[in-house]
Amino acid sequence: QMSAYLQEQDGSAKRSPVTVTSLLAQRARGDKITMLTCYDASFSALLDRCGVDVMLVGDSLGMVCQGQSTTLEAAAVLRRDALALQAAGAALLVLEAIPAALGKEVTEALTLPTIGIGAGPDCSGQVRVLHEMLDVFPGRKLRFVKNFMAGQSGIQGAVSAYVAAVR
């Protein structure tokens with residue numbers, strides 16, 4: 001059974017589930033939300049142990065794990081679309097590769113949490129591509145990518161350092 005395989009070896013208690021309600025409460029308190037991309041059960045268990053709030057399976061899977069050359073482009077009219085998405089019932093919005101001032105502006109205009117990746121520090125939280133922050137992705141690194149493996153003895157230390165840096 002996979003669930004037994006992924007259980008803590010030391011018998012420690014599992015974290016409470018992260019829900020849309022708990023993410024909204026984090027945003028309301030001003031607590032930063034941590035998010036990393038994740039593509040398999042082993043990394044999912046490790047990220048959970050390190051306190052990562054949300055795991056994202058996004059289009060970076062194609063570039064990072066499958067070697068594709070691009071991801072889908074974002075909508076051109078971000079401010080209007082962000083408000084429209086919120087009005088339509090979206091629970092969370094990921095902002096990618098936009099100027100920090102725009103990330104802050106969109107975050108302040110919304111009540112739902114915004115998660116930034118190259119969108120500045122004023123978003124409600126941050127997401128990074130796991131393979132990039134562990135410095136195992138051989139492709140071109142964007143300027144906001146930080147190697148969290150530097151100075152760490154293992155992956156768990158790197159993920160914990162990421163969580164601490166965001167919060």
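Helices (H or I, at least four residues) and strands (E, at least two) are DSSP runs, numbered from the N terminus. The model is predicted: local features need pLDDT of at least 70, side-chain atom pairs count only at pLDDT 80 or more, and totals for chains, interfaces and linings use all residues. Residues are numbered from 1 along each chain as its sequence is written, and side-chain values use heavy atoms, with hydrogens and water left out.

**Confidence**
- pLDDT is the predictor's confidence in each residue, from 0 to 100.
- The chain has an average pLDDT of 82, and 80% of the residues score at least 70.
- Over residues 1–6 pLDDT stays under 50, and the model has five contacts (heavy atoms within 4.5 Å) for them beyond four places in sequence.

**The sheet**
- Strands of a sheet pair through backbone hydrogen bonds, either parallel or antiparallel.
- Here, two strands pair if DSSP finds at least two bridges between them.
- Five strands form an open sheet in the order β2-β1-β5-β4-β3, with parallel pairing.
- β2 (54–56) and β3 (93–96) are the edge strands, each pairing on one side only.
- From one strand to the next, the twist averages 30°; axes are lines fitted to C-alpha atoms, for helices over the stretch in contact, and angles run from 0 to 180 degrees between N-to-C directions.
- β1 (residues 33–37) and β5 (residues 125–128) run parallel and are joined by four bridges.
- β3 and β4 (residues 114–117) also run parallel, joined by four bridges, and Glu 96 stands opposite Ile 117 in β4.
- A right-handed β-α-β unit is made by β3, helix α6 (residues 100–109) and β4; right-handed means that, with the strands pointing away from the viewer, the path from the first strand over the helix to the second runs clockwise.

**Buried and exposed positions in the strands**
- Buried means under 20% relative accessible area, exposed over 50%, and partly exposed in between (1.4 Å probe, protein chains only).
- Gln 126 lies in β5, and Thr 34 stands opposite Gln 126.
- With a relative accessible area of 10%, Gln 126 counts as buried.
- In soluble globular proteins, nonpolar side chains tend to be buried together.
- A nonpolar core is a set of buried Ala, Val, Leu, Ile, Met, Phe, Trp, Tyr and Cys residues joined through side-chain atoms within 4.5 Å.
- The largest nonpolar core has 16 residues, of which Leu 36, Leu 47, Leu 130, Met 133, Val 159 and Tyr 162 touch the most other members.
- α3 (41–49), α7 (130–133) and α8 (155–166) are the elements that give two or more residues to this core, and the largest share, five residues, comes from α8.
- Among the residues that Met 133 touches, not counting those up to four places away in sequence, are Leu 36, Phe 148, Ala 158, Val 159 and Tyr 162.
- A second, separate core of 10 residues includes Ala 82, Leu 93, Leu 95 and Leu 112.

**Two loop residues with positive phi**
- Ala 97 is not a glycine but has a positive phi of about 50°.
- Ala 97 is in the loop between β3 and α6 and is exposed, at 57% relative accessibility.
- Asp 135, also not a glycine, has a positive phi of about 60°.
- Asp 135 is in the loop between α7 and α8 and is partly exposed, with a relative accessible area of 40%.
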